[in-house]
Amino acid sequence: MGRDVTRGAFSREDRVRYRHKVRRCLDVFALMLDDFGFAADRPMTGLEIELNLVDSAAEPAMRNEEILADIADPLFQTELGQFNLELNAAPRLIGGTGFTGYEQDLRGSLARADERAAKSDAKILLVGILPTLTEGHLVVDNLSTNERYRVLNDQIVGARGEDIELDIRGVERLQTHTDSIAPESACTSLQLHLQVAPDSFADYWNASQAIAAAQVATGANSPYLYGRQLWAETRIALFQQATDTRPDELKAQGVRPRVWFGERWITSIFDLFEENVRYFPPLLPICEDEDPVEVLHAGGVPNLGELRLHNGTVYRWNRPVYDITDGCPHLRVENRVLPAGPTVIDMLANAAFYFGSARGLAEADRPAWSQLTFSAAEENFHSAARRGMDAVVHWPRLGEVPVAELVLDVLLPQAAIGLDRFGVAPAERDRLLGVIEQRCRTRRNGAVWQAETVWAAERHRKLDRSAALHHMVQRYAELQHSNEPVHTWPVD
């Protein structure tokens, strides 16, 4: 949810008016899908990277406002916590040497931002969860000053009516409570955007759901929270729990969580928007002046502001997006399953694997999801988040298979086909997919490196857990600047 919000109290009339307006937008969206021209001939891609700010002691640096003022670049924005920033890469085609363009832009932007952050005794860290965060850091007073975050916090906590419980069982167990959504700010992600045509959206979304487990397993980079080693990608569990508006009674009744994998394969993007409206009450019932019916009848492009705002408060791991660029509407799949980091090259390898395998599977003669139950895909996803490279998943015609084997034998060949169809240069394709291949062959990703480095610091350096985590973050920050893939990082 990237728009500014300044109101903190909503009346019953606000909610009734908003619900009516959202449904009006939904009706217009259905009409547009039938006979409107959406941009899709040259599918653009996009990347958003959520960043952490740390000080010289590897502690979170609550300084995003002053650092943003120094950066003075519209590509950088605030995020939920005062120790967070977000970098939005300029959208581009990935054909030819598009990934090299991304790499140059990202490295340049991050280097400039790091230079500005240094003036505030801070540096940028690309990681799924900052390992040195404590409960004392993740409190409401450390939310960013933008009013929209306070409003969102009030609405989520108010809808729940009680403290939010965090209970994550992994290698170790974390059990605690929070009175705000501040722990969500620990979840820093890489979000990938892929523009698709209306008639192929369902295939791309279904493909994205099917491969989400493989993405998380190979890209896991969030093993620690509050000093405990939990899941390989703890961010998945933390994000779901930290934004849960449901008290226990509603969970028992089967009310759906706002952070949601979904519950079925779809046949149209409309299915997802309709589910969002049907299942989830509005958190931010703010109406715009536009009448979408009038705009459509006048030959214009409706903004559908209420529908888009509501969609932004339902946190699907693969989110549907309706947007307008230069007066032309388009649709995107927003892939949200991956953590940030460890390096730019690692993130671009993750992006190439996603874009390529999504297209390869979406355009396959016999789609994988036609032979895979949706519940199996969801179980795969959570198993991969818990166990990372050690996960075993279910796949059509293979049955139960180690996820690394699935990636090597099935998904990487599909990704290569997909990247070829995007027109990606063979050298770029092989370089980036080669990173994923080597992660699978060595069984090493960011989560593995973090855990091994902490273990070595505890056993060999005789450090306690807190000191070991701080040592690991310092070493991580050094190696991140090498831009060498994480599977090659030494443990010392």
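A: Let's begin with a term: buried means under 20% relative accessible area, exposed over 50%, and partly exposed in between, using a 1.4 Å probe and protein chains only. This is a predicted model, in which local features need pLDDT of at least 70 and side-chain atom pairs count only at pLDDT 80 or more, while totals for chains, interfaces and linings use all residues. Residues are numbered from 1 along each chain as its sequence is written, and side-chain values use heavy atoms, with hydrogens and water left out.

His-382 has a relative accessible area of 17%, so this residue is buried. His-382 lies in helix 12, residues 374–387; helices here are DSSP runs of H or I with at least four residues, numbered from the N terminus. Beyond its neighbours within four places in sequence, His-382 is in contact (heavy atoms within 4.5 Å) with Trp-231, Ile-236 and Gln-240.

Now for helix 13, which spans residues 403–422 and bends by about 45° at Leu-411, with Pro-413 following within four residues. That bend is the angle between axes fitted to the seven residues ending there and the seven starting there. Leu-411 is also among the buried residues of helix 13, which include Val-403, Leu-412 and Phe-422. Just after helix 13 comes Gly-423, with a positive phi of about 80°.

Technical notes
Helix = DSSP H or I, 4+ residues; strand = E, 2+ residues; numbered from the N terminus.
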